[in-house]
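Visitor: I've got this one open on my screen. Can we walk through it together?

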Amino acid sequence: VKNEDMETEETANEFSLLSSDGSSIGKDPSVAHMFGSHSIPFSLAIGETKLEILSEKEYLSYHRSSPRGDYQTMLISRQKRVHLSPVEPVNIPKMLSPHLLVEFTAPLTVEPKAKRDVYLTFPLEIGLFVKGGDEPQCIDIVSLTHEKYTLYGPAKGGTLCRYWRSEPKSSLSSVDSVTEGVLRLAVSNPTSGWVKLHHVVFDAALMKIFYDSRKVAAGAILRITGSETGETSFVEQPMEKGMQKAIELFTSRKIVGVPKHFVMSEGL
Amino acid sequence: MLDKIVYGEVTVLDLIIAFVVFLASVGIAKAASVYIGRILKQRVETAHINLVRKLVHYGIVVVGVFAVFTILGVNLSGLLVAGGIVGVVLGFASQSIVGNLISGIFLFIERPIAIGDSVIITGTWGTVEDIHVFSTVLRTYDGLYVRIPNERVFTESITNLSAQVARRFEYEIGIRYSDDADEAIRIIDRVLEETPFVLKKPSRHAFVESLGDNAVNIIVRVWAPTSEWYSLKMSLLWKLKRALEREGLEIAFPQRVVWFGNSAEGSGKIDPAQERLEV
């Protein structure tokens with residue numbers, strides 16, 4: 001899928017880069033100017049959420065005001081740049097579980113031996129980082145998405161998941177680039193029976209997110225192993241050439257030796 | 001040489017066998033002690049591990065010594081009688097200690113609770129602070145330290161509030177008879193949908209449960225992550241009440257409608273407009 005296939009349209013949730021006095025210095029529906037490195041002082045308005053980071057001698061002061069609450073913190077740091085990056089979408093409002101359940105708006109039935117790509121969306125969470133030392137320090141994470149949790153499986157032994165609802169599409173189409181990322185799901189059904197999919201569950205701590213000037217994207221794989229079971233994992237490569245790799249919060253989960261898939265044993 | 005009598009019927013060979021048995025018992029005791037230390041490591045406090053290791057070590061050595069006495073022809077009947085009496089005395093004295101120890105071991109095997117779980121044990125609500133060999137320590141929600149002997153923990157019912165990832169709770173909300181219950185349920189459902197920690201699945205429910213004396217009673221049942229259950233339960237009811245009132249629905253309060261028996265003059269009928277009194 002090439003960039004040209006993706007339509008760009010005016011999104012409901014715009015963001016503005018602001019000058020230090022708070023006045024807007026530009027609006028852009030693409031994510032090009034939001035993600036990446038910015039010099040401090042830095043201000044950003046995403047919908048009704050405003051972020052501001054200022055430098056005061058050897059301190060950095062950060063302030064966020066949003067309908068969901070204000071947040072303020074100070075950092076003892078001489079860093080002059082702040083980095084914005086999409087992060088694994090399981091942190092807001094609280095990191096209760098690393099799992100993400102994407103429910104399909106309509107069931108997707110897969111024929112035996114089929115192998116196709118399906119395009120979904122995932123909730124976008126935006127992390128603010130200051131780099132220094134070996135690891136970037138996350139200052140805050142913001143999101144404009146609807147926050148919801150669900151249980152995958154029974155109350156006894158089920159898996160708590162961040163909940164997201166998405167329409168499965170056969171091709172890449174436009175998304176609200178401030179609230180949603182594109183998830184390309186490679187579905188394969190090596191079994192000999194038809195399988196109906198209602199949702200897909202991932203271990204989002206293993207997610208590999210990439211972004212470019214138009215979208216945030218991740219690639220995933222669903223391998224159906226039975227009429228009610230499957231395995232999900234993430235693709236390590238970007239969906240398209242030239243995409244930047246997002247900063248990862250769950251680095252320790254991605255080390256060698258840790259299982260890199262989630263087994264969907266409680267239904268598809 | 002080996003058949004040479006040393007004393008009584010004990011030969012040199014018996015002495016050597018006795019010595020080997022003693023050394024073997026010490027060796028077995030040492031090995032068992034190390035093995036127990038390994039399997040209990042990270043499950044039991046070091047002090048308790050040492051206690052169990054010593055008990056096992058000296059127990060095996062004592063058995064070995066008895067075997068050596070038998071080989072050497074020492075009559076243990078008198079010693080056994082004395083030991084039996086001492087054993088009975090010690091048995092009675094240490095009955096509860098041994099009971100707690102055994103219960104503690106079974107608690108480690110069965111694992112109905114873990115450190116950090118919210119539990120109700122013997123009617124005490126709290127968080128499990130520690131599980132020792134002889135006792136379990138709870139920190140009650142008002143900050144008290146409660147030590148419960150393991151025998152009681154094991155034999156009485158345990159309610160583990162943290163065992164599952166999700167918990168359900170419910171409210172009963174009474175609205176006025178003049179209000180639209182369908183509308184109230186729609187408003188309640190909207191608030192539940194907007195609340196992140198009200199789980200999508202298992203499904204939430206809001207329905208008219210009963211037509212009460214003073215109100216139409218709506219039951220609201222929701223599931224929440226166990227870690228967020230208490231804070232959600234504390235905040236959600238007021239949120240629902242405010243949402244209902246914003247839409248013009250009111251929570252009902254106890255009331256009585258009194259009808260006076262005197263009829264309107266001349267008509268023979270009661271005039272509701274004049275004779276009704278709401279209290």
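Visitor: What volume does the largest cavity have?

Guide: About 40 Å³. A cavity here is a set of points on a 1 Å grid over the protein atoms alone, where a 1.4 Å probe fits but cannot get out. Grid points are joined across faces, edges and corners, and a volume is the space filled by probe spheres set on the points.

Visitor: How reliable is the model, and how are things numbered?

Guide: This is a predicted model: local features need pLDDT of at least 70 and side-chain atom pairs count only at pLDDT 80 or more, while totals for chains, interfaces and linings use all residues. Residues are numbered from 1 along each chain as its sequence is written, chains are lettered from A and ligands numbered from 1 in the order written, and side-chain values use heavy atoms, with hydrogens and water left out.

Visitor: Back to cavities. How many are there of 30 Å³ or more?

Guide: One.

Visitor: Which residues line the largest cavity?

Guide: A:E88, A:M207, A:K208, A:I209, A:K245, A:A246, A:I247 and A:E248. Lining residues have an atom within 4 Å of a point. By class, four are nonpolar, none polar and four charged. Nonpolar covers Ala, Val, Leu, Ile, Met, Phe, Trp, Tyr, Cys and Pro; charged covers Asp, Glu, Lys and Arg; the others, Gly among them, are polar.

Visitor: And the largest pocket? How much space lies in it?

Guide: About 330 Å³. A pocket is an open set of points with protein on both sides within 12 Å along at least five of seven lines. The largest pocket has 14 lining residues, and A:S66, A:R68, A:I92, A:S143 and A:E147 lie nearest its centre. Its lining has six nonpolar, four polar and four charged residues.

Visitor: Switching to chain B. Which residues form the nonpolar surface patch?

Guide: B:V98, B:I102, B:I105, B:F106, B:I109 and B:F154, with about 530 Å² of accessible area together. Patch residues have over 30% relative accessible area and no salt bridge, and nonpolar side chains (Val, Leu, Ile, Met, Phe, Trp, Tyr) are joined within 5 Å. Areas come from the Shrake-Rupley method with a 1.4 Å probe, and only the protein chains shown count as cover.

Visitor: Which helix gives the most to that patch?

Guide: Helix 4 of chain B, residues 95-110, with five residues. Helices are DSSP runs (H or I, at least four residues), numbered from the N terminus. B:I105 sits in helix 4 of chain B. B:I105 counts as partly exposed because its relative accessibility is 41%. Buried means under 20%, exposed over 50%, partly exposed in between.

Visitor: How many salt bridges over all chains?

Guide: The search finds 24. Each is a side-chain nitrogen of Lys or Arg within 4 Å of a carboxyl oxygen of Asp or Glu.

Visitor: Are A:D212 and A:K215 buried or exposed?

Guide: Both are buried. They form a salt bridge, with the closest N and O atoms 3.4 Å apart.

Visitor: What about B:E183 and B:R186? How far is N to O?

Guide: 2.9 Å, in a salt bridge. They are three residues apart in helix 6 (residues 181-194) of chain B, so about one helical turn separates them. B:R186 counts as exposed at 52% relative accessibility, while B:E183 is partly exposed at 26%.

Visitor: Which residue does B:E194 bridge to?

Guide: B:R190, with the closest N and O atoms 4.0 Å apart. B:E194 and B:R190 are four residues apart in helix 6 of chain B, so again about one helical turn lies between them. Salt bridges that share partners also join B:D189, B:E193, B:K200 and B:R204 into one network.

Definitions and conventions. Patches are made of residues with over 30% relative accessible area and no salt bridge: like charges are joined within 9 Å, nonpolar side chains (Val, Leu, Ile, Met, Phe, Trp, Tyr) within 5 Å. Helices (H or I, at least four residues) and strands (E, at least two) are DSSP runs, numbered from the N terminus. Buried means under 20% relative accessible area, exposed over 50%, partly exposed in between (1.4 Å probe, protein chains only).
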